[in-house]
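Here is a short tour of how the parts of this structure meet. Please keep the model open as you read.

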Amino acid sequence: MRVAIVGGGVAGILTANYLAMRLREEIRDKKAEILLISERDKLLYEPGLLYLIFNKLEEKDITKELKYLLDPSVKLIVDRAEKLDLENRKIKTKSNEFDYDYLVIATGSRIVPEEIPGLVQYGDWFYNLDGAKRLREKLSRFKEGKVVVSVMGIPHKCPVAPIEVTFLLHEFFKIHNVRDNIELVYTYPINRVFTLGNVSELVEKMFEERNIETRTFFNPVEVKEGKIITLEGEEESFDLLIAIPPHKGSQLIIDSGLSDDGWVPTDKFTLEVKGYDNVFALGDTTDLPVSKAGSVAHFQAEVLAENLSAEIKGLPPTARYFGKAVCFIETSFSEATYIWFDYETPPTFVKPNRFTHWMKIAYNRMFWLTARGVL
Amino acid sequence: MIVDARGSYCPGPLMELMKAIKKAPVGEIIEVLSSDASSAKDIPEWVKKAGHELVEVKEEKGYWRIVVRKVK
């Protein structure tokens, strides 16, 4: 039995490592094999980019080679998957072709700033390494003017990151004694500052206390020099635009005819790709109503590994994913809160506090244990 | 034009409508089908802000039909 996992992000790596632990004997006896196909040989811990822009973490802290993260029994293939043929159970890569018995699609999501005219030229972002490094330089020099943090599409990775970066910008400018010279504006596509109602209420109150302005129902369609133009017909000026660019699923999903936007139609409880009982999807690439976040990929990987290993061993696959997600929310450089929620349970909060912030800072280091399947 | 966003959760149907509005010519009628009740409130609110015309909001069996005309 061959399990092929396509995608070397958090979802793919965790699934591979959990499966390797559960199928130790089967792999040793050559009854099972786990392939991980990834176009990159390194994992970027993307939540670390939020800290990189304020120079709290460096590139070396948030990247590791896959070969040091994967269980030694997982076969790593560094190659670009170009087509998934679900009918014939084949994966075509740039330089090879692989058969599979079970396929796990973990191809993630990506930013597409080029879809908003002018954004690449006039905007900044921290949603990839290059963008974050550029922004680090600009922030260190920014002393006065108007900063706009603009969420330019839903869904996007790490739903709370735009809120966190806004809180941290406020404090960063305060520390540098320039906050009074800076207008800070946060924009969001719908009629509140976050998708979940009660998170929205809390954040709106905290923004107000910090003199952070908000614009809602704000959907940029074009960026010009120093100006955002919206679908609603409004304009907003800026000196520094920190965009959360629109996101799409992988081009591989679109090229394989699985969907038009790259989000894979997935069963919300079993993670089966609709129409196929031997194909599964998890992490950012699914079309599920859950956050595109590492914690979601983590909890889904636990469920998927339990079910897949059961099927391979001839046991009943009874695990179900119930939408569990956990997100830390940094509210300053010394305090944080967190939200925990699932399909049925709305999030609850703790008051922002130092201990939760320390947990987050510690988790930034401990993440590599999660990636290895230990934590 | 029909945007069938049934099965999608808030704010999915609204985001789908925005995508459709961007592509549609002025005067086009867009029907959004949504099984998420909050769409019946959020979509009309957005249509008003964006200056389009809300033609109809109707509850069908198990879903909402929200009809919008792009006016600019």
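## Where the two chains meet

Chain A and chain B together bury about 1300 Å², and carbon and sulfur atoms account for 64% of it. On the chain A side, the residues that lose the most area to chain B are A:Phe217, A:Leu231 and A:Glu232, which together make up 41% of what that side buries. Please bear in mind that this is a predicted model.

In residue terms, 17 residues of chain A and 16 residues of chain B take part in the contact. What links the two chains through charge? The interface of chain A and chain B has one salt bridge. You can find it between the side chains of A:Glu234 and B:Lys49, at 3.2 Å from N to O. There are also five residue pairs in polar contact between chain A and chain B, both residues at pLDDT 80 or more. The side of chain A that touches chain B is made up of seven nonpolar, five polar and five charged residues.

## Two domains within chain A

Now let us turn to chain A itself. Its domain assignment gives domain 1 as 2-108 + 250-324 and domain 2 as 113-246. The contact draws 14 residues from domain 1 of chain A and 20 residues from domain 2 of chain A. Taken over C-alpha atoms, the centres of these two domains are 31 Å apart.

Between them, domain 1 and domain 2 of chain A bury about 1600 Å², with 72% of it on carbon and sulfur atoms. Within domain 1 of chain A, the most area is lost to domain 2 by A:Leu50, A:Ile53 and A:Phe54, together 40% of what that side buries.

Domain 1 and domain 2 of chain A also share three salt bridges. Helix α3 (residues 49-52) of chain A gives the largest share of the domain 1 side that touches domain 2, with three residues. By class, that side has eight nonpolar, two polar and four charged residues.

## An aromatic pair

Over all chains, the structure holds 15 aromatic pairs. One of them is formed by A:Phe269 and A:Tyr343, an edge-to-face pair with 5.8 Å centre to centre and 90° between the planes. A:Phe269 sits in the loop between α9 (251-255) and β19 (279-281) of chain A, and A:Tyr343 in the loop between β21 (336-341) and α11 (354-371) of chain A, so the pair ties together parts that are 74 residues apart in sequence.

Key: Residues are numbered from 1 along each chain as its sequence is written. Chains are lettered from A and ligands numbered from 1 in the order in which they are written. This is a predicted model: local features need pLDDT of at least 70, side-chain atom pairs count only at pLDDT 80 or more; totals for chains, interfaces and linings use all residues. Side-chain values use heavy atoms; hydrogens and water are left out. Domain bounds come from an automatic or database domain assignment. Contact means heavy atoms within 4.5 Å. Buried area is the accessible area (1.4 Å probe) that two parts lose on being put together, summed over both. A salt bridge is a side-chain nitrogen of Lys or Arg within 4 Å of a carboxyl oxygen of Asp or Glu. Helices (H or I, at least four residues) and strands (E, at least two) are DSSP runs, numbered from the N terminus. Ala, Val, Leu, Ile, Met, Phe, Trp, Tyr, Cys and Pro count as nonpolar, Asp, Glu, Lys and Arg as charged, and the others, Gly among them, as polar. Rings of Phe, Tyr and Trp (its six-membered ring) pair if their centres lie within 6.5 Å; planes under 30 degrees apart count as stacked, over 60 as edge-to-face and the rest as tilted. A polar contact is a pair of N or O atoms within 3.5 Å; within protein, one must be able to donate a hydrogen and the other to accept it, and residues adjacent in sequence count only if both atoms are side-chain atoms.
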